[in-house]
Amino acid sequence: MSGFVSGLAPHIQGLLELKHALGLPYKDSERHLLAFDAMCAQRYPGQSSLSREMAMEWVVKHPAEHINGQLTRIASVRQLAKHMASLGLEAYVIPPGIPGRRIRYSPHIFSHRELRALFDAADAIKDSRIGRQRHLIIPVMFRTIYCLGLRPGEARKLRRNDVDLARGAVLIRESKGHKDRTVFLSPDLQEYCRQYDAAISAFRPDRIQFFANRQANIYTSRALDGWFHELLDAAAPLIVASPASPPRPYDLRHTHVVELINRWARAGRSPEALVAYLSLHLGHSNTEDTWYYFHLAADFHPELRGIANTSIESIFPEAHHEIR
């Protein structure tokens with residue numbers, strides 16, 4: 001990304017070059033730094049040091065901004081200040097704890113009945129003049145997120161050549177932690193995706209993205225959220241959720257994890273061993289991140305409550321005996 005025009009532009013470019021040299025995409029931070037650069041160019045033209053006044057103006061909460069988004073936005077500028085300070089340059093580092101602590105979201109774990117209502121609503125989506133072929137894209141995208149336990153952003157960014165419909169293998173590029181991983185489609189989802197690919201290719205034969213918008217680009221997270229709330233509205237009142245924690249697309253991933261481990265427990269299999277492989281499937285760096293999903297959910301197999309509070313790293317070598 002180019003276009004930095006403030007007095008801080010050389011330092012921002014230097015930070016980005018360093019991050020890219022380390023193999024980090026740094027895309028979200030780059031976007032925030034571009035906005036910070038624009039603010040500095042307008043309000044502090046020519047100023048090449050990062051002052052307290054500049055930093056604290058950036059800290060101010062935007063209208064309707066969630067504190068988690070605010071913290072992420074602030075972290076980018078804090079990182080820039082630390083980079084400048086490491087080079088012996090004058091830079092004010094925003095203190096930790098501003099504006100507060102990150103809010104842990106309480107996920108909505110969908111019941112089977114709620115999932116059925118949600119996907120029935122997706123199947124009933126109509127095409128529109130504004131969102132061409134959305135009736136083809138929406139049912140497949142949300143089923144892919146749920147059935148594979150993907151992060152919504154991972155589904156949005158899938159390329160067509162990432163989805164091997166012959167083998168049923170899906171390559172997830174640059175997921176959290178900047179690592180690639182491969183996940184596998186069930187036979188029914190594999191056939192469902194084949195049918196989708198054939199149908200959408202009639203309209204967008206040269207697309208690069210598996211789910212491409214009208215401009216042949218990746219759908220935005222805002223578009224995905226809008227679709228999801230459209231489905232929730234259509235499925236009401238069959239989906240009952242707390243007003244304080246309305247369901248999000250990410251909750252389909254949480255539901256995938258909870259349902260899968262519950263299924264193992266009910267079948268008499270060993271979640272303690274299998275969860276190590278589930279962690280790899282989800283793109284988690286350790287099994288504690290996977291068990292954390294259970295701390296957020298009220299409805300899971302009672303025998304797993306004790307397991308979820310302990311480390312299971314030591315039994316990873318035995319896990320291959322449980323995979324079939």
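A crossing of two helices is left-handed if the near helix is turned anticlockwise from the far one by less than a right angle, and right-handed if clockwise. The model shown here is predicted, with local features needing pLDDT of at least 70 and side-chain atom pairs counting only at pLDDT 80 or more, while totals for chains, interfaces and linings use all residues. Residues are numbered from 1 along each chain as its sequence is written, and side-chain values use heavy atoms, leaving out hydrogens and water.

**View A. Helix α5 passes α9 in a right-handed crossing.** Helices (DSSP runs of H or I, at least four residues) and strands (E, at least two) are numbered from the N terminus. Here the axes of α5 (residues 112-123) and α9 (residues 221-235) come within 8 Å and cross at roughly 110°; axes are lines fitted to C-alpha atoms, for helices over the stretch in contact, with angles from 0 to 180 degrees between N-to-C directions. That makes α5 roughly perpendicular to α9 (65 to 115 degrees; under 35 is roughly parallel, over 145 roughly antiparallel and the rest oblique). Look for Ala117, Leu118, Ala121 and Ala122 of α5 meeting Phe228, Leu231, Leu232, Ala234 and Ala235 of α9, where contact means heavy atoms within 4.5 Å. By class, this contact has 9 nonpolar, no polar and no charged residues (Ala, Val, Leu, Ile, Met, Phe, Trp, Tyr, Cys and Pro count as nonpolar, Asp, Glu, Lys and Arg as charged, and the others, Gly among them, as polar).

**View B. Helices α5 and α6 make a left-handed crossing.** Their axes come within 8 Å and cross at roughly 150°, so the two helices are roughly antiparallel to each other. On the α5 side, the contact is made by Leu115, Arg116, Phe119, Ala122 and Asp123; α6 brings Ile138, Pro139, Phe142, Arg143 and Tyr146. Together these divide into 7 nonpolar, no polar and 3 charged residues.

**View C. The second largest pocket holds about 980 Å³ of space.** On a 1 Å grid over the protein atoms alone, a pocket is an open set of points with protein on both sides within 12 Å along at least five of seven lines, whereas a cavity is a set where a 1.4 Å probe fits but cannot get out; lining residues have an atom within 4 Å of a point. Grid points are joined across faces, edges and corners, and a volume is the space filled by probe spheres set on the points. Of the 30 lining residues, Cys147, Ser186, His256, Leu260 and Arg263 lie nearest the pocket's centre.
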